[in-house]
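Reader: I am new to this structure. Can you show me how to read a few of its features?

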Amino acid sequence: MATDQQKSRTVQRALVSVSDKTGLRALVEYLAENAVDILSTGGTAKTIRSWGIPVQETSELTGFAALLGGRVKSLHPALHASILAQPDCADDLAELAALGLVPINLLVVNFYPFPSHPITAHDTGPVEFIDIGGPALVRAAAKNHDSVTVVTSPKEYPALLAELGDACATSPGYRRQCAVRAFARTSAYDSQIAAWLQPFDGNPDHEHFALTGRNGKCLAYGENPHQTAMVFSTDPVAGLANAHQHCGKPLGYNNLLDADAAGTLAAAFDAKSTAACVIVKHGSPCGVATSGKLAEAFASAWDCDPLSAFGGVIAVNRPLDTDTAALISRQFVEVILAPAIMPEAMTALKARPGVRLLTGNLSTVPPAQELRSIRGGLLVQEYDDKSIDQATFRTVTEVQPTEQHVADLGFAMQVAHSAKSNAVVIAKNGATLGIGSGQTSRVAAACMATTTRDRYHRQCPSPVAASDGFFPFPDGVEQLAVAGVAAIAQPGGSRNDADVIAAANRLGVAMVLTGRRCFRH
């Protein structure tokens, strides 16, 4: 069996055609110093020539200048034959020689940057950014990776130069990995275009779903230490995958899931009108509060359930100030996520070893689809980003909720929207007092919420409660009434709604129906 060294391919001829010229000079200077013939197209050839490096334009080889305003440059048999020819095949080499061609051993190509914004009715300009020749060349080179090395990003240049070394040759293992990246790149590029042309809307005409991720980063581990994991960005700049980590241990899979849940809920509250703090543990909020000051919001959120908050993930909707940082630094937390951090607060929190400190604003991320994997498949749904509208609440009991009740019901329902189903949230004055989530029955969720409320906030009278789904029987309402709940919000829609409402009337509890379920599984 041939060894990797025996299968190494010396690079003698390279085709370079790039939109992003970052780091290109060092690469082509290396190629020129090692007597590699360089082919290039239009603007790239002009740039290389300006550095005093010999280069042959592809038009000289093909006999065709760029056509259609530059849209056709590299779609020519002379180029593709030189890439696809197998140097160990005598017939291939003879055919190339008859045409005056020699094999191309290295392809360096990146594509036109494609806009990420959604298409509009009359927005056809981005179509001109759809690269045709580049992906065709890359796929050809990746197919023939036994002979050709292909790189598609400036990020790959350092590894390429290290691989080429003094011998100016590449091993089969390296070429194969380059091919994997190349096919992933063309797939991602096509998926980005398909998603731009027709964003997911649940239309049954979607026979295929276009999915792409970029800038993959390894995580500390997956859901458990024996699992590997990575994170990929689906947005060019925004979102948690692009958040900046200032300090702390490497992020894990669970850290990001909790940070996403916390940050998404924090972003649901308008930072201009109120400061919000969310603490999440194992995917569900365990403490949420709003206030005029961020430090007060954090204190109330932590006090909701300090036992569960220990080792949790914290997200806030305003820049983290020194007062809030001072309070947080007294507690054990895993991750802190904020849109920005004041310099003094940064200094105080960096003094806590291990705390992962992130900045990123999830409120800037446009609505998108939600994905979940199942065995052998992928579930895709429209993302439920609708905020809770108190104007749609409909009172169905004889007892009317007060204005403060309605405000707190809206807050509690917003929190229930982010909790795992079945979920019941007890709250008062813009702060949670007890959260029951992830339960297999509605009454169990109510019991869990009232237990937390009774443990830490028994002295707080007349709170409200919100349920993410309807009450199938009166028992859940009865459980909340025993805990002193004064008003309840729920979607309604049960065949037993009349019995549930009658129980609320009998117990003197106000009830409003929202008309919209907000399950999270």
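Reader: What sits over the ring of phenylalanine 519?

Author: The charged end of arginine 517 does, 3.9 Å from the ring centre. Keep in mind that this is a predicted model.

Reader: How are aromatic pairs read?

Author: A pair of aromatic rings is described by the distance of the centres and the angle of the planes. The whole structure holds four such pairs. One of them joins phenylalanine 269 and phenylalanine 411, with centres 5.8 Å apart and 35° between the planes, a tilted pair. Phenylalanine 269 lies in the loop between helix H9 and strand S11, and phenylalanine 411 in helix H14, so the pair ties together parts 142 residues apart in sequence. Both phenylalanine 269 and phenylalanine 411 are buried.

Reader: How many residues has the largest nonpolar core?

Author: In soluble globular proteins, nonpolar side chains tend to be buried together. Here the largest nonpolar core has 42 residues, and Leu31, Ile38 and Ile83 are among those with the most contacts inside it. Helix H8 gives the largest share of this core, six residues. A second, separate core has 41 residues, including Leu265 and Val415.

How values were computed. Residues are numbered from 1 along each chain as its sequence is written. This is a predicted model: local features need pLDDT of at least 70, side-chain atom pairs count only at pLDDT 80 or more; totals for chains, interfaces and linings use all residues. Side-chain values use heavy atoms; hydrogens and water are left out. A nonpolar core is a set of buried Ala, Val, Leu, Ile, Met, Phe, Trp, Tyr and Cys residues joined through side-chain atoms within 4.5 Å. Buried means under 20% relative accessible area, exposed over 50%, partly exposed in between (1.4 Å probe, protein chains only). Helices (H or I, at least four residues) and strands (E, at least two) are DSSP runs, numbered from the N terminus. Rings of Phe, Tyr and Trp (its six-membered ring) pair if their centres lie within 6.5 Å; planes under 30 degrees apart count as stacked, over 60 as edge-to-face and the rest as tilted. A charge sits over a ring if NZ of Lys or CZ of Arg is within 6 Å of the ring centre and within 35 degrees of the ring normal.
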